[in-house]
Amino acid sequence: MRPVRLAVVTAGLSVPSSTRLLADRLADSVGKQFAHSGRAVDVTVVELRELAVDIAKNLVTGFPAPALRGAIEAVTEADGLITVTPVFSASYSGLFKSFVDVLDRDALAGKPTLIAATGGTARHSLALEYALRPLFVHLRAQVVPTAVFAAPEDWGSAGDGRTAALAARIARAAAELAAADVPAISRPDDPTGKDCRVPNADDLPQGRFPTPTGSRRIHRAGPGPDASST
């Protein structure tokens, strides 16, 4: 039985990036949710900063470069999705939206999705509900109830109240994503897991994530070699 395929899209522009840090913490928390029940998660990280030129060229030509094609396939074929964007001008970043624009219009239909964002002030957290959530609802993604926002003060020292609050939000959102209905991966009458498909809206809810072995592998979509860990 194959592992759960989790795609993590992060639109941070700097290195290091608080957006990438939040994405990694969310992916790690989702992995732990499945590990508790002995389930494996195969994580692919899509770093949009490294794909910015390819995304722009795709918008003009309609043809994705190989690295961008791999990122699109990772998101389209994923069983679950985590998206994290910095907030600029009270909304998601232009790079983040441009990547969404190159996806097929049905790519996210029925896909369990966790939305998250970072910003310079906690006031920007409203962008999750009036910008990101409507965007993914329009794309017919299955967005989990808890959205996660991290402001600069949320990255305090261990034991700080704000740090604990962020950790609690991350854990709650991860649990919701792990519990979300996903495309059928294997069924009692199909133990091989070959009966795999992306459902349409009429099919949901049905199925659950698979029951793999409890390991977690991380891949990197985009230019350069994949980095993996277990």
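1. V87 is buried, its relative accessible area being 7%; the cut-off for buried is under 20%, so V87 qualifies. The model is a predicted one.

2. V87 belongs to strand 3, which covers residues 80–88. Setting aside neighbours within four places in sequence, the contacts of V87 are A117, T118, H124, A127 and F149. One of these, A127, lies 40 residues from V87 in sequence, yet the two C-alpha atoms are 7.3 Å apart.

3. Helix 5 takes in residues 127–138. Its 12 residues, at 1.5 Å a residue, should span 16 Å, and the end C-alpha atoms are 16 Å apart, so the two agree.

4. Which residues of helix 5 are buried? They are A127, L128, A131, L132, R133, L135 and F136. In an α-helix there are 3.6 residues a turn, so residues three or four places apart point the same way.

5. The cover over the buried residues of helix 5 includes strand 3, strand 4 (91–92) and helix 4 (94–102). Strand 5 (112–118), strand 6 (142–143) and strand 7 (148–150) also contribute to that cover. After helix 5 comes R140, with a positive phi near 65 degrees.

6. For the chain as a whole, there are six helices and eight strands, in the order β-α-β-α-α-β-β-α-β-α-β-β-α-β from the N terminus. Of its 230 residues, 48% count as buried. Contacts between residues at least 6 apart in sequence join residues at least 24 apart in 77% of cases. The accessible surface of the chain is about 10,700 Å², with 55% belonging to carbon and sulfur atoms.

Notes. Residues numbered from 1 in each chain as written. Predicted model: local features only at pLDDT ≥ 70, side-chain atom pairs only at ≥ 80, totals over all residues. Heavy atoms only, no water. Helix = DSSP H or I, 4+ residues; strand = E, 2+ residues; numbered from the N terminus. Buried < 20%, exposed > 50% of the residue type's maximum accessible area, 1.4 Å probe, protein only. Contact = heavy atoms within 4.5 Å. Areas by Shrake-Rupley, 256 points an atom, 1.4 Å probe, with all protein chains shown as cover. Expected span 1.5 Å × (residues − 1).
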